[in-house]
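Please find my notes on this model below.

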Amino acid sequence: MRARAPLANGSAPISIVLSALARQVPAGAELAIVITARNLSSAAIRIIGVVDGAEAGARFPKWVPHVVGPKGRLSGPETPDFTSPLRPADFRLLEAGQSFDPTDPVDGASYFPITTFAHVTEEPGDYALSLELSTEAPSAAAWLGTLPDRRPQAQSDAEHVTRLLTDVPRLHLRSNTLNVKVI
Amino acid sequence: MSAFDPTSVAHSLPPAPDGLWSLDKIAQMQAEAIEALVPTPAQATEAAESVRAARPTLASMRTTLLSGRYRSAGDTELELRIDLDGERPTRRVSGDFYRRTGGTVNHGGSFLVNTPTIMVAATEAIIEGEGVFSFQSASPKLRLTIPRVSPTAPRPSVSAQFMTSSGVPGATFTCHYESPFFRTVEFERDQVTDITPFDSYDTSRLPAPGRARVLTVAAAYAEAGIEFADSGGTNNVPIDLAGSDRIFSNSELHDAMTTHFSRWTNDPAWRVYILAATKHELGDNLRGIMFDSDKRQGCAVFHDVVGSGSGANDTTLRAMLRTYIHELGHCFNLYHSHQKELMSPPRPNRLDALSWMHYPDYYRGTGGSGAGAYWRAFPFQFDDEELIHLRHGFRNAVIPGGQPFGIGAADIDPDAFAEPIKDESGLALELRAPAQFLVGTPVVVEIKLSLTDLRGRTVNKQLHPNLGYVQIGIARVGGKTLVYRPMITHCSEPALVNLDRDHPSIYDSAYIGYGKDGFYFGAPGQYELRALYNAPDGSKVMSNILRIRIKPPLDRTEGDLADLFMGDEQGTLLYLLGSDSNHLKKGRDAFALAMDKYPDHTMTAYAKLVEGMNASKPFKSLQDGKISVRPTDFERSEKLLSEVVSGAMRATNDPTTVAAEAGTPQADVVPRLDNISLEMAASRLAEVRKEAGNASGAAEGARIIFDFFSAQGVPKHVQSEIRAQLSSYIPVWASESSTSPENADVGAASKKRGGGKKRAPKSSRPRQR
């Protein structure tokens with residue numbers, strides 16, 4: 001199935017906003033990017049943050065960064081050979097108007113940073129950053145990860161995850177574009 | 001096995017001042033740690049006193065290193081791994097037991113002593129501690145006594161004394177030095193034809209902590225204490241294996257391994273395979289993968305992604321080195337550092353791990369996070385817990401082909417059905433069955449024991465698992481593993497026969513669908529079966545792994561039949577080959593309904609067999625304190641057994657049945673009656689006819705079934721056996737049999753087994769082939 005083009009912010013029940021504390025940073029310095037995913041709808045929405053493999057587009061949800069710099073588009077991270085199973089703690093329930101940082105591993109979520117953004121300051125130049133979220137998984141298996149889950153609660157967690165996944169809205173959207181200058 | 005121990009302090013030792021930790025320095029540090037807990041000598045514990053008393057004068061102690069692998073001789077062999085000094089000691093002792101019985105050597109169990117006490121004196125060192133074992137040990141305490149010798153002297157032998165917790169001596173082993181490595185693994189690296197694989201990386205080429213050195217794959221594992229021995233079988237794998245797009249799938253990688261890995265077997269072994277390949281179907285950024293996560297025997301690195309070994313820059317070479325070591329680490333059952341909590345038993349994730357098993361991007365250390373921080377701090381090694389696993393993990397938790405990925409425990413003793421390390425038994429065991437069964441169909445397997453050493457062997461012909469000399473393990477893929485347990489275990493003395501060139505094999509068949517644990521194949525899915533034969537000389541002969549598929553019903557008839565066969569009472573009736581017991585009435589009613597509704601269905605033949613066999617003999621029952629005897633029902637038995645025999649003979653040449661037995665997906669999924677059961681049914685039919693006074697009918701039936709088997713091309717000596725068994729129904733044959741030298745032995749054997757009018761139970765009637 002051919003993927004649909006991502007919707008822009010404001011056209012979907014969720015928005016993703018990238019912001020930076022400073023738009024101009026020295027080369028080699030740390031670039032602090034804040035990612036905010038907000039529920040724009042009037043009902044609660046269940047969503048999953050950046051679990052392992054999500055940034056590489058190896059599994060759903062896909063949180064795929066686009067960084068275009070002076071030498072073209074930065075390549076994404078290494079695709080993990082095994083991705084973790086989804087666990088109930090990886091789901092966030094966003095009430096209407098509520099937001100969260102999809103890379104912040106609070107409350108037991110196994111979230112990871114968008115590592116591509118960390119490479120921006122390696123070379124001076126102008127960079128355009130954005131982030132795409134896709135939850136349009138063709139099958140349940142595309143969410144679930146490939147690593148065998150050997151924990152005692154694996155079975156009950158898997159059943160719970162299957163139920164929770166039905167609440168996740170299927171969408172494909174793109175954040176704002178954040179422009180950063182590395183000097 | 002888990003190395004996690006929240007009661008112990010951190011495992012890490014800083015780098016030794018002069019590169020190597022000595023036993024004396026380790027002992028001194030341990031004694032100081034104990035002393036720090038003891039305010040005065042008067043309050044000192046016995047252990048601390050003994051350590052202090054034995055404390056060495058460091059200046060006087062220049063002795064050879066002890067760490068490495070030691071081995072004892074004898075029928076019970078101890079492989080001992082001492083890890084107490086050297087560059088990166090984990091301060092542990094571990095070992096494996098191997099049992100030599102007859103011509104086979106099997107793994108007997110593993111143990112690990114986590115925190116041994118070290119006492120060193122001028123002439124000897126004593127290492128003592130209580131171990132954890134993979135089996136229930138009555139003597140869990142271990143004391144090693146090691147003579148101290150100069151660095152130039154050969155390594156001394158080690159006395160290993162096992163004791164009960166209270167100090168009562170158990171077994172003692174004298175272990176001789178074997179290797180500085182804790183484990184040795186046969187390693188084969190093949191490459192796709194036009195790929196230049198990784199060779200080595202100099203760690204000084206990019207900023208990194210620690211000692212600069214040139215690392216190959218073998219050198220990196222040598223630092224972990226694991227020797228990689230080249231298999232000598234490096235191959236070029238043709239790129240056409242991956243198809244025109246140069247992209248491999250896991251199944252193609254597995255095929256490349258089974259085809260090109262010179263010493264590949266499907267069993268646990270200290271062998272590992274890596275393929276330098278092009279690209280994987282999972283994407284453009286996948287650098288490597290362990291492609292058989294159930295077996296952990298093989299992995300691949302994708303050079304179209306990670307770069308070519310030819311003319312690569314330093315960053316690429318470093319990435320290649322990490323990918324090779326990382327994927328091979330999976331083969332030794334190591335999870336990623338950020339996924340340790342998903343193992344069994346679960347462990348804390350270690351996002352700050354500076355390990356080959358971590359993803360640099362996911363590193364979160366005190367000095368920074370991400371790939372840059374990782375590489376600036378990475379000393380090119382496994383972390384401490386991974387090192388303990390590699391060196392001292394229980395054998396089946398580490399060995400490729402052992403426990404499934406991520407599992408440190410199993411439903412049954414994984415050693416029970418493990419391939420022997422050596423097999424000089426001179427015998428081969430084979431398990432056979434059709435490839436697929438409709439759920440509910442009685443699963444009958446054929447067990448064949450044959451000679452591989454043509455000098456001959458004396459064997460026990462009791463092959464039926466009900467008799468206790470053969471065990472059959474049943475593993476549902478993705479599910480539990482069980483050992484088939486008969487409802488009734490027969491206590492049977494071994495019945496010895498000679499296998500030789502003329503009679504090179506014996507066989508039997510067994511219904512294993514139902515036993516003490518209920519139905520063993522009650523759910524659709526793939527199953528793996530393996531049998532173990534305990535030979536009279538003590539050898540343990542393993543069979544092939546037999547794979548069968550239990551298929552779900554596809555239509556209403558199949559569903560109805562599955563329901564009619566799947567009750568406990570039906571299972572018991574199939575096991576017993578019939579009974580009049582009132583407790584099994586529901587089962588008989590179900591079989592009667594199956595025969596009534598589906599009289600011509602292949603599956604109904606099993607109900608007819610059970611009822612026909614039961615009707616062919618009297619049945620005694622106790623009613624109101626009196627024994628009542630139901631006489632043989634000749635008419636019913638003859639009718640049912642005739643239908644069974646003629647139906648099975650017809651089905652033998654039916655193409656749909658042949659397809660089903662071969663596993664053709666769309667074929668019928670109810671196999672015909674196996675040959676041994678067919679011969680049993682035919683013999684009983686002849687017996688019934690003879691007892692009913694129909695001697696000519698008995699002779700005719702016996703001749704037909706003999707001709708049937710002869711036409712199937714069974715070997716001559718099997719024909720002789722069948723002929724001998726049927727000879728009591730054909731007077732001409734009986735007289736030939738008693739005078740023919742060719743048949744003399746077989747005929748005698750048949751009579752000993754109860755051939756003739758009173759037939760022995762089928763399970764005690766194996767045939768020589």
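**Notes on the model**

1. Start with the network. B:Arg69, B:Arg71, B:Glu77, B:Glu79, B:Arg81, B:Asp96, B:Glu178 and B:Arg183 are linked by salt bridges. A salt bridge here is a side-chain nitrogen of Lys or Arg within 4 Å of a carboxyl oxygen of Asp or Glu. By this rule the count is 46 salt bridges over all chains.

2. Ground rules. This is a predicted model, where local features need pLDDT of at least 70, side-chain atom pairs count only at pLDDT 80 or more, and totals for chains, interfaces and linings use all residues. Residues are numbered from 1 along each chain as its sequence is written, chains are lettered from A and ligands numbered from 1 in the order in which they are written, and side-chain values use heavy atoms, with hydrogens and water left out.

3. B:Arg271 and B:Glu186 form a salt bridge, 3.6 Å from N to O. B:Arg271 sits in strand β16 (residues 271-277) of chain B and B:Glu186 in strand β10 (residues 183-192) of chain B, so the pair ties together parts 85 residues apart in sequence. Strands (E, at least two residues) and helices (H or I, at least four) are DSSP runs, numbered from the N terminus. Both B:Arg271 and B:Glu186 are buried. Buried means under 20% relative accessible area, exposed over 50%, and partly exposed in between (1.4 Å probe, protein chains only).

4. A helix-to-helix pair. B:Glu643 meets B:Lys608 in a salt bridge, with the closest N and O atoms 2.8 Å apart. The pair links distant parts of the chain, 35 residues apart: B:Glu643 is in helix α14 (residues 634-652) of chain B, and B:Lys608 is in helix α13 (residues 604-615) of chain B. Are the two partners buried or partly exposed? B:Glu643 is partly exposed, because its relative accessible area is 29%. B:Lys608 is at 9%, so that residue counts as buried.

5. A partly exposed pair. The side chains of B:Arg432 and B:Glu430 form a salt bridge at 4.0 Å, N to O. B:Arg432 has 29% relative accessibility and counts as partly exposed. B:Glu430, at 30%, is also partly exposed.

6. Size of the chain contact. Chain B brings 29 residues and chain A 25 residues (contact: heavy atoms within 4.5 Å). About 2300 Å² is buried between the two chains, 55% of it on carbon and sulfur atoms. B:Asn285, B:Leu342 and B:Tyr362 lose the most area on the chain B side, together 26% of what that side buries. Buried area is the accessible area (1.4 Å probe) that two parts lose on being put together, summed over both.

7. On the chain B side, β18 (288-290) and α6 (314-331) each supply at least two residues. α6(B) gives the most, with 4 residues.

8. A sheet in chain A. Three strands form an open, antiparallel sheet in the order β2-β4-β9. Two strands pair if DSSP finds at least two bridges between them. β2 (14-20) and β9 (99-100) of chain A are at the edges with a single partner strand each, so one side of each has no neighbour in the sheet. β2(A) is joined to β4 (residues 33-39) of chain A by 7 bridges. In β4(A), A:Ile33 is the bridge partner of A:Ala20.
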